[in-house]
Amino acid sequence: MAGQSDPHLSIFSPSEVEFVAEDEIVEIVPNIRMDALNMICGDFGPFFPQIPTKVPLWLAVALKKRSKCTIRTPDWMTVDRLTQVLEAERESPREFQPLPFHYIEISKLLFDHARDDISDAYLVRSLIEDIRDVRFHKVETGLETISGRTHAVKLKNLSAMEVNIVRPFMVRTLQAFYKHDSPQMIQQADNIGSRATLVTDRGPRRDLRRR
């Protein structure tokens, strides 16, 4: 879609959306023994060899880079599950199948840093790309149906990256229809857009990880 690389059409850059996704919890299997890590965002561990434990994605990637763990592929990232989702997406032109809110960013990070932990990695990547293409096509088709009588648009089960790309187009399209009839509505939409945030504040960020 046009606008995916245009910083003026997105509220967040792709790297910023990915940064938010790094707080998602994943399961790892450590290959070392290590005491618990006491972070501002929470306590994780202790870690024991071959004993699965759950940590934020950013921590899983950091340990993986140091060859201290393997990362377990999420249940939704299997060939069988993704095939089902893709078929359902194609069969339901007006509906979006439920997927993790950060499925695009999570899969990208895992392919970038833990590809060897993903079974059938090539097929999984291909399925995710197909799902993403089908969903974006649905969004574009939906935008084409907007008319001057449209007062709101509801898109259920969109992911973070999809919302980030679609929202500016939705706002501008509706503004284009209303600009002659209701200038006050345009000002209200501008005010709402300027305050829009992707997620609620989760507390202190990761720049201070140790207590």
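**Entry 1: the whole chain**

I began with contacts, meaning heavy atoms within 4.5 Å, and found that residues 24 or more positions apart account for 72% of the contacts in the protein with a separation of 6 or more. I note here that this is a predicted model, in which local features need pLDDT of at least 70 and side-chain atom pairs count only at pLDDT 80 or more, while totals for chains, interfaces and linings use all residues. Residues are numbered from 1 along each chain as its sequence is written, and side-chain values use heavy atoms, with hydrogens and water left out.

I then looked up the secondary structure, where helices (H or I, at least four residues) and strands (E, at least two) are DSSP runs numbered from the N terminus. The protein has 7 helices and 5 strands, and their order along the sequence reads α-β-β-β-β-α-β-α-α-α-α-α. For burial I used relative accessible area, with buried meaning under 20%, exposed over 50% and partly exposed in between (1.4 Å probe, protein chains only). Of the 211 residues in the protein, 40% are buried.

I turned to helix α3, which covers residues 79-91 and has 13 residues. From its first C-alpha to its last it reaches 18 Å, close to the 18 Å expected at 1.5 Å a residue, where the expected span is 1.5 Å times one less than the number of residues. Which residues of α3 are buried? I listed Val79, Leu82, Val85, Leu86, Ala88 and Glu89. A general point to keep beside that list is that an α-helix has 3.6 residues a turn, so residues three or four places apart point the same way.

I picked Leu82 from this helix and found it buried, at 1% relative accessibility. Not counting residues up to four places away in sequence, Leu82 touches Trp76, Met77, Val124, Leu127, Ile128 and Ile131. I also checked Leu82 against Leu99, 17 residues apart along the chain, and their C-alpha atoms are separated by 9.8 Å.

Phe111 lies in helix α4 and is buried, with a relative accessible area of 7%. Leaving out residues up to four places away in sequence, I found Phe111 touching Met77, Ile118, Ala121, Val124, Arg125 and Ile128. The C-alpha atoms of Phe111 and Val124, which are 13 residues apart along the chain, are separated by 9.8 Å.

Glu105 also belongs to α4, which spans residues 103-113. What is the nearest side chain of opposite charge to Glu105? It is Arg132, 7.7 Å away, and Glu105 is buried yet has no salt bridge; in this count Lys and Arg are positive and Asp and Glu negative, with His and the chain ends not counted. The side chain of Glu105 does make a polar contact with the side chain of His102, at 2.6 Å. A polar contact is a pair of N or O atoms within 3.5 Å; within protein, one must be able to donate a hydrogen and the other to accept it, and residues adjacent in sequence count only if both atoms are side-chain atoms. Apart from neighbours within four places in sequence, Glu105 is in contact with Val17, Glu18, Ala21, Ala160 and Met161.

**Entry 2: salt bridges**

I counted a salt bridge where a side-chain nitrogen of Lys or Arg is within 4 Å of a carboxyl oxygen of Asp or Glu, and the structure holds 8 of them. Glu18 forms one with Lys108, the closest N and O atoms being 3.5 Å apart. This pair links distant parts of the chain, with Glu18 in helix α1 (residues 14-21) and Lys108 in helix α4, 90 residues apart. Glu18 is buried at 18% relative accessibility, whereas Lys108 is partly exposed at 42%.

The side chains of Glu162 and Arg135 also meet in a salt bridge (2.9 Å, N to O). Here Glu162 sits in helix α6 (residues 160-178) and Arg135 in helix α5, 27 residues apart. I found both Glu162 and Arg135 buried, and I noted that Glu89, Arg135, Lys138 and Glu162 are linked in a network of salt bridges.

**Entry 3: cysteines**

How many disulfides does a search of the whole structure find? It finds 0, a disulfide being a pair of cysteine sulfur atoms within 2.5 Å.
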